[in-house]
Amino acid sequence: MDGAREDRLTKAFVALADTLVDDYDVVELMHGLVEHSVAVLDAAAAGLLLADPADRLTVMAASSERARLIEVIQIQAHEGPCLDAYVSGAPIVVEDLTEEAGRWPRFAAAAQSEGYRSVAALPMRLRTDTIGALNLFRSEPGVFPTEDLAVGQALADVATIGILQERAVRRSEVLAQQLQAALDSRVVIEQAKGVLAERLQIGVDEAFAHLRAYARSANEHLVWVARALVEGRLDEGTVATR
């Protein structure tokens with residue numbers, strides 16, 4: 001492993017480990033996971049699906065709008081590697097999506113149309129509990145490096161611990177509340193992205209970048225900033241200047 005990549009990997013684990021405290025932003029944790037995955041691993045994009053208490057998967061984070069749309073298609077079509085990884089609790093690795101038309105017809109076609117040719121889905125698990133899956137997309141077909149799969153799974157595992165935490169594992173009702181709160185937060189954030197994109201006439205990815213930048217500079221949770229923007233308590237111009 002070269003020095004630059006090793007430095008990025010160290011920073012990724014430190015950032016994820018910093019969430020293992022009493023108060024942290026679970027939505028920011030998941031977006032950080034997909035961004036670290038793209039920065040550290042041999043992946044062009046990444047997406048994350050999280051299950052609610054009723055075992056329904058929802059797109060919680062993606063490294064780009066293109067990746068998010070592919071994850072949405074997985075859920076709508078009830079097919080894809082992330083779903084299989086979540087159900088089985090085991091990694092699903094595909095070297096060439098052109099060979100998977102029969103297995104996942106809608107997902108394979110959508111991923112290829114966006115320029116992705118191979119994929120690895122890594123379960124987000126703690127012991128026997130699986131709460132979601134991390135999807136890694138590559139632009140070229142081929143074998144995923146064994147080291148990348150191991151590191152990707154380790155990143156997903158650390159993030160899973162951060163989401164669950166020991167107190168949530170001990171009390172299932174706390175876990176259900178925490179995961180439901182995260183899913184509710186995602187709805188508000190998607191609304192805020194759309195509001196900001198429309199008002200500033202910018203792309204959705206750029207709008208989300210402004211939201212995160214403002215939240216960090218103001219030392220506020222991302223969902224608080226999103227809700228304030230949607231409810232009119234925060235001006236879009238203020239958000240865009242950070």
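1. Basis of the note. This is a predicted model, in which local features need pLDDT of at least 70 and side-chain atom pairs count only at pLDDT 80 or more, while totals for chains, interfaces and linings use all residues. Residues are numbered from 1 along each chain as its sequence is written, and side-chain values use heavy atoms, with hydrogens and water left out.

2. Overall make-up. The protein chain holds 10 helices and five strands, which are DSSP runs numbered from the N terminus (H or I of at least four residues for helices, E of at least two for strands). Taking a contact as heavy atoms within 4.5 Å, residues 24 or more positions apart account for 63% of the contacts with a separation of 6 or more.

3. Strands β1 and β2. Strand β1 (residues 45-51) runs antiparallel to β2 and is joined to it by five bridges, where pairing requires that DSSP finds at least two bridges between two strands. A51 stands opposite L57 in β2, and the hairpin formed by the two strands has five residues between them, with D55 in the turn showing a positive phi of about 70 degrees. Strand β2 (residues 57-62) is largely enclosed by the rest of the structure, because six of its six residues are buried.

4. On one side of the pairing, strand β3 (residues 92-94) meets β4 in the antiparallel sense over three bridges, and V94 has V119 as its bridge partner in β4. Strand β5 (residues 129-138) also pairs with β4 in the antiparallel sense, over nine bridges, and P123 stands opposite A133 in β5. The hairpin of β4 and β5 has two residues between the strands, and R127 in the turn has a positive phi of about 55 degrees.

5. Helix α2. This helix (residues 26-40) has 15 residues and reaches 21 Å from its first C-alpha to its last, close to the 21 Å expected, the expected span being 1.5 Å times one less than the number of residues. Its buried residues include V26, M30, L33, V34 and V40.

6. Nonpolar cores. A nonpolar core is a set of buried Ala, Val, Leu, Ile, Met, Phe, Trp, Tyr and Cys residues joined through side-chain atoms within 4.5 Å. In the largest one, which has 52 residues, those touching the most other members are M30, L48, L50, M124, L136, I163 and L211. Helix α7 (residues 172-200) gives the largest share of this core, nine residues. A second, separate core of 23 residues includes L49, V59, F107 and F137.

7. The structure holds three aromatic pairs, counted when ring centres of Phe, Tyr and Trp (its six-membered ring) lie within 6.5 Å, with planes under 30 degrees apart called stacked, over 60 edge-to-face and the rest tilted. W104 and F107 form an edge-to-face pair, 5.9 Å centre to centre with 85 degrees between the planes, and both are buried. One aromatic cluster is formed by W104, F107, Y116 and F137. Elsewhere, K193 lies over the face of F208 at 5.2 Å from the ring centre, and R233 lies over the face of W224 at 5.8 Å, the criterion being NZ of Lys or CZ of Arg within 6 Å of the ring centre and within 35 degrees of the ring normal.

Definitions and conventions
Buried means under 20% relative accessible area, exposed over 50%, partly exposed in between (1.4 Å probe, protein chains only).
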